[in-house]
Amino acid sequence: MIDIRQLREDPERVRASQRARGEDDGIVDAVLDADRQHRASLSEFESLRAAQKSFGKKVAAAQGEEKQALLAEVRETSARVKQLEAAKDVAAEERERLLRSIGNVIIDGVPSGGEDDFALLETVGKPRDFAAEGFEPKDHLELGESLGAIDMARGAKVSGSRFYYLTGPGARLEMALMNLALDRARDAGFVQLQVPTLVTPQTMGGAGFLDAHADEVYRLEADDLYLTGTSEVALAGFHADEIIDLTAGPRRYTAMSTCYRREAGSYGKDTQGIIRVHQFQKVEMFIYARPEDAEAEHEALLAWERGMLDDLGLAYRVIDVAAGDLGGPAARKFDCEAWVPTQGRYRELTSTSNCTTYQARRLNTRERGESGTRTVATLNGTLATTRFLVAILETHQQADGSVTVPEVLRPYTGFDTITPRA
């Protein structure tokens, strides 16, 4: 959640952030009211508690009517202390509840609006001109089935809609992507973790995934655990309730995990193929940094993502995501969207978010500085995911129905070309 001190000192900035997100800016005044009530009750509570502690000696020294009067005052003070304690707790809980409903304060320059209001930062590469090459491209599902790489029918038979099997070369190609990403993360100084994909409500909520998007998350009610839609959640919780040392620089972690998303609200969208599915693999990068270093780390994450797409030979564009499409934890998000030939448009492959201190404040992750402890910044970014296969298959297909494997993946796949089954 956002820093209450920031909201007190500059409420207009928070209001402007809310408006840019398309959210109610009136909640800022509601938080300030709850904060004032809490601070007033707390101040009176502490004053009366101090007075209450001094009554002991006075009562012991008093006699007769004076003592009876003092005892009556003790009882009245005690009752008032309990009232004030309850009032300050109620106000604090209300302030906390309201604060948790406010998305992270956006960074200056983030465009206002929703999904279609992004700012285009750069377009990289040119989409292939299949017409000039003399053939009509096939979509990734048709290719995947003809190559023996994707089996949607059996996925649906076993698990229902939006599930699939990757088979033979499809499974090897996905694993090649994951291993390439993990190797690159290691070379960039990331420590690899193998993370839980089931987490507690405290961890899921701390990472910011149980607010506006709780309906997109799978929950195991009998165990009160959640299946994660990204290893970002477990990586964010890794240092929860800890004071970490950042004197040597940011702490960088990476993990490959199976991810689960309910895709609530996506009925009728991308029902064919593996673009929008309930389960997939992903390599995630995660950084703990000093707040003043966060924007530089964000640019570094984007550069690593772009390096993957460049070496895979994909045409893509980089966008600065609009405030209303950021999600609660992110103060800024850059997406890389690859060209999908049969759809004639760009589709998101990677996303990197600067969450500033939003997640770490919820999860109580701090660093020790010269003037005490302070909340750290967290950032995340996608280095590879199953959806990459969509763009790779369609971009690198050939007229004979085969697909040329990007050179960078060949040491991991063991083959240069995927050919149709006989």
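**View 1. Y218 sits opposite L227 of β7.** This is a predicted model, where local features need pLDDT of at least 70, side-chain atom pairs count only at pLDDT 80 or more, and totals for chains, interfaces and linings use all residues. Residues are numbered from 1 along each chain as its sequence is written, and side-chain values use heavy atoms, with hydrogens and water left out. Strand β7 covers residues 225-227 and pairs with β6 in the antiparallel sense over three bridges. Strands here are DSSP E runs of at least two residues, helices are H or I runs of at least four, and both are numbered from the N terminus. Two strands count as paired if DSSP finds at least two bridges between them.

**View 2. Another open sheet of three strands runs β8-β14-β15, with mixed pairing.** β8 (242-244) and β15 (372-375) are at the edges with a single partner strand each, so one side of each is left without a neighbour in the sheet. On average, neighbouring strands of this sheet are turned by 40° against each other, direction ignored. β8 and β14 (residues 365-369) run parallel and are joined by three bridges. Look for I243, whose bridge partner in β14 is R366.

**View 3. Helices α8 (residues 169-187) and α13 (residues 388-395) pack at about 115°, with axes 11 Å apart.** The axes are lines fitted to C-alpha atoms, for helices over the stretch in contact, and angles run from 0 to 180 degrees between N-to-C directions. On the α8 side the contact uses G170, L173, E174 and L177, while α13 brings F388, L389, I392 and L393; contact means heavy atoms within 4.5 Å. By class, that makes six nonpolar, one polar and one charged residues (Ala, Val, Leu, Ile, Met, Phe, Trp, Tyr, Cys and Pro are nonpolar, Asp, Glu, Lys and Arg charged, and the others, Gly among them, polar).

**View 4. Helix α11 (residues 294-311) has 18 residues.** From first C-alpha to last, α11 reaches 26 Å, close to the 26 Å expected at 1.5 Å a residue (1.5 Å times one less than the number of residues). Its buried residues include H298, L301, E305 and M308, with buried meaning under 20% relative accessible area (1.4 Å probe, protein chains only). After α11 comes G313, with a positive phi near 70°.

How values were computed: Buried < 20%, exposed > 50% of the residue type's maximum accessible area, 1.4 Å probe, protein only.
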